[in-house]
Amino acid sequence: MIITRNTEDALRAAVRNNAAWCAAVCPGGVFGADSWTSARRTPPYYPDAVTLTREVSAAALTAAIDTGSPGCSVKDSFAVLDLAPAGFELLFEAQWMHRPADAPAPAPAASLSWSRIASAADLDAWEAAWDGEESTGLFRPDLLTPEIAFLAGRSEEGRIVAGAVANEAAGAVGVSNVFTRDGVAPDEAWSGALARIAALWPGRPVVGYEHGEDLATALAHGFAPLGPLRVWLHTA
């Protein structure tokens, strides 16, 4: 990939936006010049550190997090760190992505009705649909802010069968936690979520990261790749 000024700016916006989302879900973390870190273990699925620059020190990063607790992880946003000497193993690799502000909003599937979660009870139902189990309270009601939208696609019967999270930060809207269930096609989740994001934040670029089939689906909906990231899990 040829890195241009526009690509680099979009990449940094994607990284900052995602770090802001992680910070919202994981209270108590702190932003430094090169990283966001949490000295205490974060909730499941969320990293203990997110790098913000390529120049971050691996030693300083790992010293700022709790590597003594199981599940400690680091999001290496620019895929430049070697954390194996510190007892980490590569968990997965993914690709940052960007959808331009002037990209037309897709037409959502008529089979789903999309809305923004507005109550604690509906947030519990959204999390249960996302996780496939009962809600654990991972997503707290205080996350229902103007900057964060939990988007739900409901069937004709009113069940949540698709969804996504959108967060506004760093001059962009991040999309994450895209899911479907009960046989709903991933295309329906992406088109519906992107249509709602365009209505909520018109004229804003959309950023995020995905890998595998989810990345292929996102690229088919107008995203372009920006560069790789890695997630490391502490195992030693």
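Me: Is A170 buried, exposed or partly exposed?
Reply: This is a predicted model, in which local features need pLDDT of at least 70 and side-chain atom pairs count only at pLDDT 80 or more, while totals for chains, interfaces and linings use all residues. Residues are numbered from 1 along each chain as its sequence is written, and side-chain values use heavy atoms, with hydrogens and water left out. Buried means under 20% relative accessible area and exposed over 50%, with partly exposed in between (1.4 Å probe, protein chains only). The relative accessibility of A170 is 44%, so A170 counts as partly exposed.

Me: Where does A170 lie, and what is its phi?
Reply: Helices (H or I, at least four residues) and strands (E, at least two) are DSSP runs numbered from the N terminus. In these terms A170 is placed in the loop between β8 (160-169) and β9. A170 is not a glycine, yet its phi is positive, at about 60°.

Me: How much space lies in the largest pocket?
Reply: On a 1 Å grid over the protein atoms alone, a pocket is an open set of points where a 1.4 Å probe fits, with protein on both sides within 12 Å along at least five of seven lines; lining residues have an atom within 4 Å of a point. Grid points are joined across faces, edges and corners, and a volume is the space filled by probe spheres set on the points. For the largest pocket this comes to about 760 Å³.

Me: Which residues that line the largest pocket are the closest to its centre?
Reply: The lining has 19 nonpolar residues (Ala, Val, Leu, Ile, Met, Phe, Trp, Tyr, Cys, Pro), four charged (Asp, Glu, Lys, Arg) and 10 polar (the others, Gly among them). Its largest share, six residues, comes from β9. Of the 33 lining residues, the closest to the centre are Y45, K75, F92, N177 and Y209.

Me: What arc do the buried residues of α3 cover?
Reply: In α3 (residues 120-131), L123, W126, E127, A129 and W130 are buried. They lie on the same side of α3, because the arc around the axis, taken from the directions from the helix axis to the C-beta atoms, is only 160°.

Me: How far apart are the end C-alpha atoms of α4?
Reply: The expected span of a helix is 1.5 Å times one less than its number of residues. The 15 residues of α4 (residues 186-200) should therefore span 21 Å. The model agrees, with its end C-alpha atoms separated by 21 Å.

Me: What distance separates the C-alpha atoms of P108 and G153?
Reply: P108 is placed in the loop between β5 and β6 (113-116), and is partly exposed at 43% relative accessible area. P108 and G153 are 45 residues apart along the chain, and their C-alpha atoms are separated by 9.9 Å.
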